[in-house]
Amino acid sequence: MSRRLQFVLAASIFLSHGQAQTLSLDAGAVVASDAKATHSLEVYVDGLDGAPALIGDSTFSNGVLRFEPRYPLAPGMSYRAELHKSSGDPIVQVFEIPKTAVGDPTHLEAIYPSADTLPENLLRVYLHFSAPMSRGGSYSHITLIEDATDQRVELPFLELEQELWGPNGKRLTVLFDPGRIKRGLVPNMEEGLPLTPGRSYRLTVSSSWLDAQGEPLAETFEKRFTVTPADYNSPMPPQWKVSAPAAGTTDPVVVALGETVDRALALRLIDVLSRRRALVVGKASLTDHETLWSFTPETPWRAGRYRLRVDGTLEDPSGNSVLRPFEVSPDQPQPPSIPSISYLSFEVR
Amino acid sequence: MPLRKPSIVFFALLLTVPMCFGAGLESLKPGVANLESAGVLAFGPEGVLFVGDSQAGAIWALDTADREPGSGAVNLDAADTKIAGALGLTPDRILINDMAINPISKKAYLSVSRGRGPDAAAVILSVDASGKIAELSLSNIPHSVAKLENPVSADAKDRRGNSLRAQAITDLAFLDGKVFVAGLSNEEFASNLQTIQFPFAAAGKSTSVEIYHGNHGRWETRSPVRAFIPYEIGEQPQLLAAYTCTPLVQFPVDQLETQTKVVGKTIAELGNRNRPLDMISYSKGGKKYILMANSSRGVMKLDVNNLEAQNSITEPVEDKEGVSYETIDSLEGVMQLDRLDDTRAVILSQNGDRLDLRTIALP
């Protein structure tokens with residue numbers, strides 16, 4: 001039934017005492033016709049026992065009492081409007097607001113790091129969804145299961161009330177509990193790392209997770225991976241191998257990073273500068289399980305020297321940044337001071 | 001009682017005069033406060049409410065104009081259902097993000113997301129001693145805003161499309177004219193504590209310090225702060241910070257403002273499988289305590305009478321160590337807490353499938 005038709009039907013229902021007094025919806029407001037200034041109009045979420053009336057403003061004019069809810073009546077909800085007169089039972093009308101049309105179900109598009117071997121001290125995982133998701137209780141939909149035993153790993157993640165969603169609601173950052181990853185801390189000593197080298201795991205994202213429209217995911221998603229020994233080493237830009245493109249083309253400059261890097265940070269923190277230090281406009285991407293960074297310029301390369309600019313806060317998936325490893329021992333010799341920005345030159349011919 | 005009325009008027013005048021001219025209220029300008037999200041809350045002077053807006057990467061100062069002294073207890077059973085109803089939704093379609101008590105009126109203020117998607121409306125509500133829910137209108141409210149440091153330059157955004165980086169603000173506190181903000185990025189694993197002067201400067205610039213906890217065994221570690229409170233040890237103002245990985249660490253406030261990197265002193269290890277949620281400090285029977293709500297170890301009452309003499313924990317510990325505490329068994333499912341007065345606190349706690357707002361006696 002169309003929304004408009006439903007409203008018309010609701011508006012045409014004759015209510016108590018044979019009176020032709022009607023309650024109807026009009027442009028998101030609830031309206032009582034043939035009302036008096038002494039009447040009051042209240043709107044409730046239907047079936048929500050004990051809840052107060054919706055916040056909003058009532059106005060009276062020319063025999064019409066109008067209630068404008070402070071927030072719009074929401075799709076998929078039922079509202080109970082009550083017109084209270086000076087005496088007698090209130091006139092009650094329930095309005096159902098139709099759900100908005102649902103398109104293709106939302107699905108999990110990718111999990112990063114994308115490799116099927118991951119270090120035991122893995123810190124950060126990104127879940128990418130095809131549409132905005134609902135917030136709150138997200139961790140209950142993510143499970144980590146050890147393959148051989150089929151046992152769930154208990155509390156592997158840092159469960160934050162302030163869930164780490166990207167502004168568009170389509171990417172969630174999941175952190176493995178740093179208390180368990182860091183050596184010398186109680187959780188680490190008592191429970192060990194959540195992941196054990198040599199073992200295989202399944203990271204499962206349940207279809208019960210609701211998107212921002214309140215609809216479940218298309219299907220449950222599973223990522224299988226095997227665990228390798230811990231990675232305590234920082235990304236090392238001086239050791240990266242740059243393959244320069246040819247002048248006059250828009251072929252990408254390709255950089256072999258020698259290890260998997262954090263995808264979000266690599267896309268944000270590596271830039272190409274022209275000889276005049278201007279930022280080259282183009283599109284960066286990561287392939288080969290985030291070990292190859294490439295950059296395609298919008299306009300063809302000119303012959304000459306270019307530079308890659310790498311921000312030192314670039315990390316690998318274990319939280320080791322260019323500037324410092326995730327953990328530093330004060331007993332160890334201090335690493336040589338690393339500039340906060342690294343530059344790598346390449347020549348376009 | 002003919003004498004009483006004038007005295008009330010006199011005291012009311014005493015209270016209102018400094019309110020109008022001091023405490024930064026004059027820096028708040030009326031207009032629309034366009035909050036993108038409403039997260040952590042803290043009250044400043046004279047009914048000024050600070051709101052952490054993670055989505056906008058900003059701290060808002062809002063004049064609640066709620067300066068009528070009150071003393072009543074706040075109690076609201078099934079607060080989530082009632083708040084959802086007032087906003088026209090069912091409780092599964094809202095999120096209650098934080099709760100703070102206005103120290104003057106004693107009303108509870110709650111930050112709420114109306115909706116669960118990225119377009120959810122940011123709502124600030126108050127609950128008074130009668131259980132009445134009222135919305136703090138943001139459409140014409142004296143306010144100011146301070147943007148947090150954001151390493152994503154506008155330059156980078158323009159060239160690469162919108163950045164997905166966001167800063168989750170995990171806690172904030174007001175002390176001596178400054179707002180302290182702890183946050184956690186959804187990309188790099190940094191642990192910065194930002195300090196913002198209030199009244200906010202025109203540019204609203206913050207200073208940022210990288211903080212570390214002390215040496216756990218051998219490892220100097222950085223980790224995001226989960227919750228913190230200002231606290232005086234001896235006569236020196238400190239921040240007591242509870243970490244995501246359970247240690248309790250103290251930082252001298254003056255160092256946070258003058259240095260770029262501060263290593264705090266670890267004064268307690270509070271055990272595994274635990275995440276601190278919220279903290280308050282109070283005195284009872286001449287002794288000082290901190291009450292800390294946790295994700296899985298219940299509510300802890302920490303004895304903080306001898307913090308000056310507390311040694312830094314520098315060796316790995318087997319379970320818990322440092323400051324002693326007892327677990328308050330009668331308090332279950334506590335997610336938020338704030339002090340109501342010298343003897344009472346208000347808690348927001350999970351009770352079965354509902355959230356209750358309750359006033360309790362400080363243990």
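First, the ground rules. This is a predicted model, where local features need pLDDT of at least 70, side-chain atom pairs count only at pLDDT 80 or more, and totals for chains, interfaces and linings use all residues. Residues are numbered from 1 along each chain as its sequence is written, while chains are lettered from A and ligands numbered from 1 in the order in which they are written.

Now the chain. Chain A has four helices and 23 strands. Those are DSSP runs numbered from the N terminus: H or I with at least four residues for helices, E with at least two for strands. Of the 349 residues in chain A, 37% are buried. Buried means 20 or more other C-beta atoms within 10 Å of the residue's own; exposed means 12 or fewer; partly exposed is in between; C-beta atoms are placed from the backbone.

Next, the sheet. Five strands form an open sheet in chain A, order 9-16-15-11-12, with mixed pairing. Its edges are strand 9 (117-119) and strand 12 (151-152), each pairing on one side only. Pairing takes at least two DSSP bridges between two strands.

Last, the proline. Pro229(A) lies in the loop between strand 16 (221-228) and strand 17 (241-243) of chain A. Why is Pro229(A) exposed? Because it has 10 C-beta neighbours inside 10 Å. Leaving out residues up to four places away in sequence, Pro229(A) touches Pro119(A), Glu120(A) and Pro197(A). Contact means C-beta atoms, placed from the backbone, within 7 Å. Pro229(A) and Glu120(A) are 109 residues apart along the chain, yet their C-alpha atoms are separated by 5.6 Å.

How values were computed:
Contact = placed C-beta atoms within 7 Å.
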